[in-house]
Amino acid sequence: MIKCPFCGKDFDEKAQPKVKWYFTTYWVVIAFLGVGPLALPLIWYNPRYKPMTKWIVSVVAIIVTIWLCIKSIDLYQSLMKQMGDLQNSGF
């Protein structure tokens, strides 16, 4: 054990340094919900996550982003078709 030279308190040699607030899981989830794949640097720079976790989260984020883009295009095309149908019906 290592003792503090000032107060005599024992230091735990295995104690990990405190994680910065933006690396907590809560803020990582909030970032993903808010900005999507732009939050990936929070995962990659996070010292607590293993490399496999980083890869899995990255792949899932990319797949979800592509899926949401495809669904957005489908929604836009459907909306434009409905607007065209409304215009042709006389409204």
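Trainee: Which helix gives the largest share of the nonpolar patch?

Mentor: In this predicted model, the largest share comes from H3, with nine residues. The patch consists of Trp44, Met52, Trp55, Ile56, Val59, Val60, Ile63, Val64, Trp67 and Leu68, and together these residues have about 1000 Å² of accessible area.

Trainee: Why is Trp44 called partly exposed?

Mentor: Trp44 has 34% relative accessibility. Buried would require a value under 20% and exposed a value over 50%; Trp44 therefore counts as partly exposed.

Trainee: How many aromatic pairs does a search of the whole structure find?

Mentor: The search finds two aromatic pairs. One of them joins Tyr26 and Trp27, with ring centres 5.1 Å apart and planes at 80°.

Trainee: Why is the pair of Tyr26 and Trp27 called edge-to-face?

Mentor: Rings pair if their centres lie within 6.5 Å, and planes over 60 degrees apart count as edge-to-face. The centres of Tyr26 and Trp27 are 5.1 Å apart and the planes stand at 80°, so the pair is edge-to-face. Tyr26, at 55% relative accessibility, counts as exposed, whereas Trp27, at 37%, counts as partly exposed.

Trainee: What are the values for the aromatic pair of Trp44 and Trp55?

Mentor: Trp44 and Trp55 are 5.1 Å apart from centre to centre, with 85° between the planes, and the pair is edge-to-face. This pair links distant parts of the chain, since Trp44 is in helix H2 and Trp55 is in helix H3, 11 residues apart.

Trainee: Which residues does Leu42 touch, not counting those up to four places away in sequence?

Mentor: Leu42, which lies in helix H2, touches Tyr22, Phe23, Trp27, Val28 and Ala31 on that count. Between Leu42 and Trp27 there are 9.1 Å from C-alpha to C-alpha, and the two are 15 residues apart in sequence.

Trainee: Where is Asn46 placed, and why does Asn46 count as buried?

Mentor: Asn46 is in the loop between helix H2 (40-44) and helix H3 (51-88). Its relative accessibility is 1%. Buried means under 20%, and Asn46 therefore counts as buried.

Trainee: What does the side chain of Asn46 reach, and which residues is Asn46 in contact with beyond its neighbours within four places in sequence?

Mentor: The Asn46 side chain reaches the backbone nitrogen of Arg48 at 3.0 Å. Beyond those neighbours, Asn46 is in contact with Phe23, Val28 and Lys54.

Trainee: What makes Asp85 and Lys81 a salt bridge?

Mentor: The cut-off is a side-chain nitrogen of Lys or Arg within 4 Å of a carboxyl oxygen of Asp or Glu. The closest N and O atoms of Asp85 and Lys81 are 3.2 Å apart, and the two residues form a salt bridge. A search of the whole structure finds one salt bridge. Asp85 and Lys81 both lie in helix H3, four residues apart, which is about one turn of the helix.

Trainee: How do you know whether Asp85 and Lys81 are buried, partly exposed or exposed?

Mentor: Asp85 has 41% relative accessibility and so counts as partly exposed. Lys81 has a relative accessible area of 55%; exposed means over 50%, so Lys81 is exposed.

Note on methods:
Residues numbered from 1 in each chain as written. Predicted model: local features only at pLDDT ≥ 70, side-chain atom pairs only at ≥ 80, totals over all residues. Heavy atoms only, no water. Helix = DSSP H or I, 4+ residues; strand = E, 2+ residues; numbered from the N terminus. Buried < 20%, exposed > 50% of the residue type's maximum accessible area, 1.4 Å probe, protein only. Polar contact = N/O pair within 3.5 Å; in protein donor to acceptor, adjacent residues only side chain to side chain. Contact = heavy atoms within 4.5 Å. Patch = residues over 30% accessible without salt bridge, like charges linked within 9 Å, V, L, I, M, F, W, Y side chains within 5 Å. Areas by Shrake-Rupley, 256 points an atom, 1.4 Å probe, with all protein chains shown as cover. Phe/Tyr/Trp six-rings, centres within 6.5 Å; stacked < 30°, edge-to-face > 60°.
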